[in-house]
Amino acid sequence: MAPEENAGTELLQQSFERRFLAARALRSFPWQSLEAKLRDSSDSELLRDILQKTVKHPVCVRHPPSIKYARCFLSELIKKHEAVHTEPLDELYEALAETLMAKESTQGHRSYLLPSGSSVTLSESTAIISHGTTGLVTWDAALYLAEWAIENPAAFTNRTVLELGSGAGLTGLAICKMCHPRAYIFSDCHSRVLEQLRGNVLLNGLSLEADITANLDSPRVTVAQLDWDIATVHQLSAFQPDVVIAADVLYCPEAIVSLVGVLRRLAACREDQQAPEVYVAFTIRNPETCQLFTTELGRQWK
């Protein structure tokens with residue numbers, strides 16, 4: 001295989017690996033590129049390699065995605081194989097059979113590979129809305145904020161970071177592993193979200209602050225229940241954050257008013273009278289919502 005072709009094959013495998021571990025939508029996979037590669041090759045070694053980097057990946061074996069997701073992925077992989085090759089590939093059918101016999105669960109895992117070679121793994125709900133909240137799954141803004149943080153570690157290194165509306169915990173766990181904060185405070189207001197969040201912190205090898213066996217090289221990690229509407233300046237002053245972050249929390253007018261209110265109180269609670277730096281990432285689903293956020297910020301900080 002020519003060097004250029006070999007490099008293209010490796011990139012294709014990496015694309016499948018990253019998307020599958022993170023349980024990204026199947027339509028985002030480079031299926032056409034895979035089919036083209038399969039047509040150029042007379043053997044099935046590429047599919048075996050992709051199987052090892054996805055369903056058989058060590059991270060996936062320890063922390064698998066939802067059964068339904070793995071089943072749909074394998075079904076699509078088999079379709080691509082059958083469209084090109086007449087001989088069945090036993091490994092694919094055996095893997096599919098395992099998913100057909102496995103018991104469905106309301107939880108699945110997503111894993112994100114970090115530049116350091118380590119990963120962030122999250123246990124999440126398989127439903128977008130569960131227990132009356134959308135906070136049990138990861139949304140795109142959390143992923144983009146995590147990527148930005150990894151590219152800009154100086155914003156968090158040696159600093160105390162408070163995250164508002166942490167949800168499943170992707171952004172904070174990536175920052176804790178890659179940006180070396182002094183302390184990190186995950187926060188949310190929903191009890192089920194907080195329960196899952198604590199589990200994800202421990203799943204990624206971090207210790208909560210009360211753990212006397214905590215690794216001294218890791219940041220001090222806290223998971224706090226925080227209701228933006230009722231938290232007082234006195235209560236918020238316990239956090240003393242240098243940096244405040246939030247991802248995908250601007251989903252309705254009420255949430256925007258609450259968010260801006262708690263940011264204003266956080267700005268007033270630091271002992272050095274310096275307002276913390278604030279980074280907010282969100283998907284613009286409605287331009288009016290974005291405009292309301294800007295307007296409300298201007299109104300609160302006249």
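A search of the whole structure finds 0 disulfides, a disulfide being a pair of cysteine sulfur atoms within 2.5 Å. This is a predicted model, in which local features need pLDDT of at least 70 and side-chain atom pairs count only at pLDDT 80 or more, whereas totals for chains, interfaces and linings use all residues. Residues are numbered from 1 along each chain as its sequence is written, and side-chain values use heavy atoms, with hydrogens and water left out.

The chain is assigned a domain 1 (2-105) and a domain 2 (125-298), with bounds that come from an automatic or database domain assignment. Their centres, taken over C-alpha atoms, are 35 Å apart, and the contact between them (heavy atoms within 4.5 Å) takes 4 residues from domain 1 and 4 residues from domain 2. The area buried between the domains is about 280 Å², with 55% given by carbon and sulfur atoms; buried area here is the accessible area (1.4 Å probe) that two parts lose on being put together, summed over both. Arg24, His63 and Ser105 supply 84% of what domain 1 buries against domain 2.

Between the domains there is 1 salt bridge, a side-chain nitrogen of Lys or Arg within 4 Å of a carboxyl oxygen of Asp or Glu. The side chains of Arg24 and Asp140 meet in a salt bridge at 3.5 Å, N to O.
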